Structure formats: structure tokens, C-alpha cells
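Please look over the sequence and the structure shown here before reading the report that follows. The account takes up the helices, then a sheet, and then a single residue.

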Amino acid sequence: MKKINNSIIALSLFVGIANTNAQEKKQLSLDEAVQLGIQNSKNLKIDAAKIEEATADLLEAKNKQLPDFKLSGQYMRLTNAKVDVKFLNESGSGGGGSMASPKSVFLGQANLSMPIYAGGRIRYGIESAKYLVEASKLSTENDKIAIAYNVAQAYNNLFKANQSIKVLEENLTASEKRDETFLKLENNGVIARNDRLKANLQTSDIELQLLDAKNNYNIANINMDLLLGLPETTAIEVDPNYIDEIQDAKPVDYYMNEAQQNRKDLQALSQQRRAAQLGTKAAKAEYYPTVALTGGYIAVDAPKFLTVYNAVNVGLGIQYNLANLWKQNSSLRQSQAREKQLEASNELLNDNIKLDVNREFQNTNYSKQRIAVFEKSAIQANENYRITKNKFDNGLATMTELLDADAAQISANVGVINAKADAALAYRKLLQTTGTLTIK
């Protein structure tokens, strides 16, 4: 049985080493991670397709101001056609109006139409399409900022999980050494077995916390790999220097003004509103006629019967749909409704911006205050453990008091790291709500 157990342990170690070697390690700073996330974002690929679609719509609108030129040709085979030309009978010439029937007819046409006036529909359509292209680009920029924050959030979770593992591993090592010492003390009759078991229980609890931290780290690492477009087996090594980038907060009014000037979603909505206004003008133009310069060429050839060539025509075409006099302009109503929707959306977005900026401003200040509290708590916990350890060594403190002091020390030290990481992330969230989160 002992040999079997040793074989299982050896096999487990081999598998663990193999998995570790199979993982590719990649060290990334936060800015590098953000760039990689943007490059491989599926959402941005969708946005790029939307920009292409809006650009194609703009091209279609511009094409409407260009002339249309159409060529057509027909060849028709006739069967025993009877031809009776009436004007020959009326002219008094003998022989009647019947003529030899043609066996085939060829007809060729060329038509040119150049729009001159369309009530502004073409011009408004082009300007509206330009605004929509710009709105698509601004929406993409807004998505980039959102992706930058999402990557920062995932990076922050990975950092916190990794730091927790380091702290817990250090404490586990110390706890295991303490267990060895307590076992010797128990064997020498210095402490009771119950006290030694309490210490062992504390070690087991740290082991469970370490397992939980490693599980959280693995999940955070996989999430990070997916965000960055990396293989899921890539082990990302984070750079902890990003937690020091938090700056002194400015007044909330400063961030509010920054949001009004830099929020890409607000700018995109403004472009959409302009496009909708032009759409209303284009819909009103349905009440006006359209004028176009027209030209054409016709050629006809019916062998032994009729030949026509150089039949060129030039003219001015006017078109007006009289049904507009009694039909309701549904396009106008739809466009006006669209304007109202966008106006309400703009008001709602402005309210949300005010709420977001104020909330994240408060969260940033709160996160800074938490750092100071956790640092003070860590100093107190570390000093408390030192004093309790001295007391215990001198028989003035119980095992329970020592273990409680050790657990408080672990919690406080992990809390400081997490508080700093959360503060750095809160500051980035504040920058995101103002639209000023930089993407290097």
C-alpha cells in the first residue's frame, strides 16, 4: 500500500510539472494588456463592420447626385407580321397601305438622366449619411474605452488573486514550521495535545484559503486570456506598478465638465440627432417635384422595311406625385418620431452621466480612505501578533489568542493589497465615466 501511495504521489507530481511546462508564460503591463485586448476584441470587429456599412450608405447617397446612363438593345424575330401603313392610303398613292412584312427587328436605345433638383432630398441624404458614419466611429471609440476598463478590471482581479496566493503561501510556510515546533513541544510535555491540534487546524484553514485563492487565480487567468485573444493555457504575469498610478482627485465639477466634452457616446448621439433632423428635411422634400435633364438615342432596323438612326433627343423631365396632396407623409412622421426618441435619449444619457461621474467620484475617494484604514489595521495586526507571540513564548497568552492574532495579521495584510488594487481600478472607472481613460 505504501508503494502504491508513493507511485500515486510521483505520478501527480509528474502531471503537475507537465502542466506547468505546457503553460506559456507571458509578462504584460496593464497598458500592454489593454492594447492586446483592443486588437483582439470581437466587439470592435463588429463595430468595424458597422462603420463599413455606414460608409456604404454614404456612398449610396452620393451616387444619387450622379447621372444615370442606361443602354438597352433588343432583337426580335417576327412571324408573318401584317403591316398596314394608313398614311399611305390617305395620301392617294396607289397600291394600298399593305407592305411586305419584316422578318426581324433590332432596337437599340441609350438614355441619360441627370438630376437637377429634388427638393433637397439628395443633399440632405448625403449630409445625414456623413453624420451617421461619424456616429459609428464615435461609438467604436466609446467601445474601446469600455474594453480598456474591462481589461483593467480583469487585470486587477488577476493581480489580487496572485498577491493573495503569495501572502497565503508565506503564512502557510510559517504555520507549518510552527506546527513542527508545537509537535516537539507536545512530545516534550510543554503544551497540551489539544493546543497543538488547534495550530494544525489553523494550518488546514490556511491551506483551504490558498486552494480557494489559486482557484480564483486560474479562473481570472482564463478570463484574461479570452479577453486578450491568447491561448487559454497562457499564464499571464502582471506588473504590480499600476496600483501606484492613482492621482490626487480634482473637484467633481472638473470631472463633470470632462465628461460633457469627452464622452464619445454623447458625441455619437449628437451626430445621430443631426442625421435625424436632416432626415426630417428630406421627408418634407417629398412635397416638391423632381427635375432632371434627360437625353437619349434610338436606333431601329427592320430589314427591307424601316431603318432609323441618329434619333437623338434632349429634354427636361419634371416629375411630381399628385398623390402627395391627399396621402399622409409617413416618412415625415417616422423621422419626427425618431427626433423625439433621440432627444429623450440625450436627456437620459446626460442624467446617467451625472449619476455615473458622481458615483465613481465618491467611490474613488472611498477607495483612497480604505487604503489608509487597511494600512493602519495592518500595522496594528502585525504588532498585535508580535506581542501575542512574545506572550505565548513566555506562557502569558493562550494558543487561541496566538492563532487569532495570526489570522488577523493575514487578513489585514491581504486587505492592504486589495485596497490599493481596488483604488487604482476605481480611479480608472472614474476616467472611463468622463471619457478620458487613455489608451496608449
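The model is a predicted one, in which local features need pLDDT of at least 70 and side-chain atom pairs count only at pLDDT 80 or more, while totals for chains, interfaces and linings use all residues. Residues are numbered from 1 along each chain as its sequence is written, and side-chain values use heavy atoms, with hydrogens and water left out.

The buried residues of α3 are Leu44, Asp47, Ile51, Ala54, Leu58 and Ala61. Seen down the helix axis, these buried residues fall within an arc of 80 degrees, so they line one face of α3; the arc is taken from the directions that run from the helix axis to the C-beta atoms. An α-helix has 3.6 residues a turn, so residues three or four places apart point the same way. Among the elements that cover the buried residues of α3 are α2 (30-39) and α5 (121-187), with contact meaning heavy atoms within 4.5 Å. Helices (H or I, at least four residues) and strands (E, at least two) are DSSP runs, numbered from the N terminus.

In α2, the buried residues are Leu30, Ala33, Val34, Leu36, Gly37 and Ile38, and they pack against β1 (25-28), α3, α5, α6 and α10 (399-434).

Just after α6, Gly229 takes a positive phi of about 75 degrees.

Four strands form an open sheet in the order β2-β5-β7-β8, with antiparallel pairing, and two strands count as paired if DSSP finds at least two bridges between them. The edge strands are β2 (68-77) and β8 (306-319), each of which pairs on one side only. Strands of a sheet pair through backbone hydrogen bonds, either parallel or antiparallel. The table lists the bridges for each pair.

| Strand pair | Bridges |
|---|---|
| β2 and β5 (residues 104-117) | 10 bridges |
| β5 and β7 (residues 290-302) | 11 bridges |
| β7 and β8 | 12 bridges |

Individual bridge partners can be picked out as well: Gly73 is partnered in β5 by Gly108, Leu107 is partnered in β7 by Val300, and Gly296 is partnered in β8 by Asn313. Between β7 and β8, which form a hairpin, there are three residues, and Lys304 in the turn has a positive phi of about 65 degrees.

Leaving aside residues up to four places away in sequence, Leu138 touches Lys264, Gln267, Ala268 and Gln271. The C-alpha atoms of Leu138 and Lys264 are separated by 5.4 Å, although these two residues are 126 residues apart along the chain.

Key
Buried < 20%, exposed > 50% of the residue type's maximum accessible area, 1.4 Å probe, protein only.
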